[in-house]
Amino acid sequence: MDWQALALTLKLAAITTAILLCIAVPLAAWLTLGRSRWRVIAEALTGLPLVLPPTVLGFYLLVLLGPRTGLGRAITTMLGHPLAFSFEGLVVGSVIYSLPFAVQPIVAGFAAIDGSLIDAARLLGAGPIRLVRTVLVPLAGRSLLTAAILSFLHTLGEFGVVLMLGGDIPGATRTLSIVLFNQVEGFDYSAANHTAATLLLFCILALTLVYARPKNLLGGPLRTSPGKDHAGGRHD
Amino acid sequence: MIELQLKAARDSFHLNIECTLAAPWTVIFGPSGAGKSTLLRLIAGLDRLNKPDSGRISVHGQYVADTRTGLHIPPGKRSIGLVAQQSALFPHLNVAANVAYGIANRIANMDRDARQQRVSSMLELVGASHLADRSPRALSGGEAQRISLARALAPMPQLLLLDEPMSALDAEARDEVLTRLQTWLLEQKIQTVLVTHDAADALATAAEVAVLREGKLAALGPASIVLADERNRLLVRLNSDGAFTTIV
C-alpha cells in the first residue's frame, strides 16, 4: 500500500469537501429560493461536471491555470508556482469536478422544506443569511451529510481530472487512483488489488453511513434558542 | 390604516380591490376561494405584485408595494405579523425559541432578560405558558396555533393579519382566545385584519367587515349592517337547545 498516496488522497478529499460545503450551501439556497433569471444557467453550469468527460474538464483547467492565460500567470506570480501540477491545483479541479455532488443533494433538501416555514422566517424578519443558518441548514441536516459524503467519495475516486491537471508527482499529486493505474500498467495485480479493495471498502462504509439515516441529523436535538446571535441581538 | 388598490391575476380568479381598511379590527369575510388568503399574502409581502398586476399597497401611510415604481418592501421589513391556518412552527426549535425567533430580528438591542420576559408574556396572553419547553411536534393543532399567534405578536408588529388562525380550536376556546386577544390588541393599538369564512366568527369579533366574493370587494361596513343577512340565517338555524349551527 502506498501510504503517502493514501494520505494525500484523504487530505485532498477532506479539503475539497470542506470547500464544497462552504460554496454549496449558499449556492443551493440561491438556486432554491432566488428569483434571478440566471438561476437556470447557474443550475446547468453546476451540473455540467456530471456529463462532461473528466479529461475535457482537466484539459480546460490545465489551459486556464497554465502560463498561456492571464489568470494562470497572475496565480503563478501570487503563489510563486503554477497551479497546474500542484496539490492546490488538484483542489481547484476537484472542487469544480465534484460541485454537483455537493449542490444537488442540498438543493433537494432545501426544496423539501415546507414553504410555510420559510414564509414564517421571512415574515419574522430573517434575512437570507439568517434564514439559511437558522431554518434551512438545521432542517436539511441529512442532505448536508449526503452532500459531504458524496463529495468526499467522488473526490477520492477521481482520475481523469487528477491525471490531466496534476500528473503523477509523488507527495504532491499522486493519488490512490493514479497509484492503481500505475500498478495495473506495471502488471502488479496483487498491489492493485490492495489499492482497489481499500477504495472499495471505504466507499461501501461511507455509503452505508448515508443510508443508515442517522437520527440526530434527521430531527436533531431540540434547540432552545434560534441561533447564537440571539443572545447579543445581532442581525444579518 | 391599510390602503389597497389592487388588480392582480392569480390562477383561478382576478383580485380587483380598491378600499381603505381603517378600523382597528377588521374582518374579511367570504367563501373559500374568494381571494382572502391571497390578499393577506400580498399585504404581508409574501406574494409580489408582478406584471401584468397593477396597484399599490400602503400600510400606516407607508407604501410597501407599488407596481408603478417597482417597489416591494420585503415581508420582514413591513412590521406585519401573519398567522395562518397552518401554524408553521419551526420543528427544530422548542416553543419558547419559536416565540423568540422574530424578536431579535425586529427589535435591536433587546437584552436577554427583556426578550425572555416578552416570550413569557406572549405565551401567557395565548394561555400557553405551560408549553414553553415543549417541542412543536408534541403540540396539538390548537396548541400549535396559539404558539404561532404568540410568535407573530412577540416582535410587536404594527399590523396583524390572521388567516383563520383558530380553526383547530373548539368554539369555546376560540371565543376565549379571540376575546382576550382583541382586548389586548386594541390596548396595544395593533391594527388587526382577521380572515374567516365563518359568519359566527365574523359577527362575534367584528367592528368592521369587508365581504370578498370572487376576488372583488362586495361590501365594506359595520358587521351589523354588512352581515345582517348572515346573522338572520344563523338565528333561523338556532335549534331548540339554543345552540347555533353555522350554515355558511
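Two residues are taken to be in contact if their C-beta atoms, placed from the backbone, lie within 7 Å. The structure is a predicted model, in which local features need pLDDT of at least 70 and side-chain atom pairs count only at pLDDT 80 or more, while totals for chains, interfaces and linings use all residues. Residues are numbered from 1 along each chain as its sequence is written, and chains are lettered from A and ligands numbered from 1 in the order in which they are written.

**Exercise 1.** Determine where B:Ser58 is placed in chain B, and which residues B:Ser58 is in contact with once its neighbours within four places in sequence are left aside.

*Solution.* Begin with the secondary structure, in which helices (H or I, at least four residues) and strands (E, at least two) are DSSP runs numbered from the N terminus; B:Ser58 belongs to strand S4, residues 54-59, of chain B. Next, apply the contact criterion, which gives B:Glu3, B:Tyr63 and B:Val64. Finally, consider exposure: a residue is buried if 20 or more other C-beta atoms lie within 10 Å of its own, exposed if 12 or fewer, and partly exposed in between, with C-beta atoms placed from the backbone. B:Ser58 counts as partly exposed because it has 16 C-beta neighbours inside 10 Å.

**Exercise 2.** Describe how strand S10 of chain B pairs with strand S3 and with strand S11.

*Solution.* Two strands pair if DSSP finds at least two bridges between them. S3 (residues 25-29) and S10 (residues 208-213) of chain B run in the parallel sense over 4 bridges, and within this pairing B:Val27 has B:Val209 as its bridge partner. On turning to S11 (residues 216-222) of chain B, one finds that S10(B) pairs with it in the antiparallel sense over 6 bridges, with B:Val211 bridged to B:Ala219. The hairpin of S10(B) and S11(B) has 2 residues between the strands, and B:Glu214 takes a positive phi near 50° there.

**Exercise 3.** Characterise the side of chain A that touches chain B, by element and by residue class.

*Solution.* Start from the contacts, in which 23 residues of chain A meet 28 residues of chain B. The elements of chain A that give two or more residues to this side are helix H6 (115-123) and helix H7 (128-139), and the largest share, 6 residues, comes from H6(A). For the classes, Ala, Val, Leu, Ile, Met, Phe, Trp, Tyr, Cys and Pro count as nonpolar, Asp, Glu, Lys and Arg as charged, and the others, Gly among them, as polar. The side of chain A that touches chain B then has 11 nonpolar, 8 polar and 4 charged residues.
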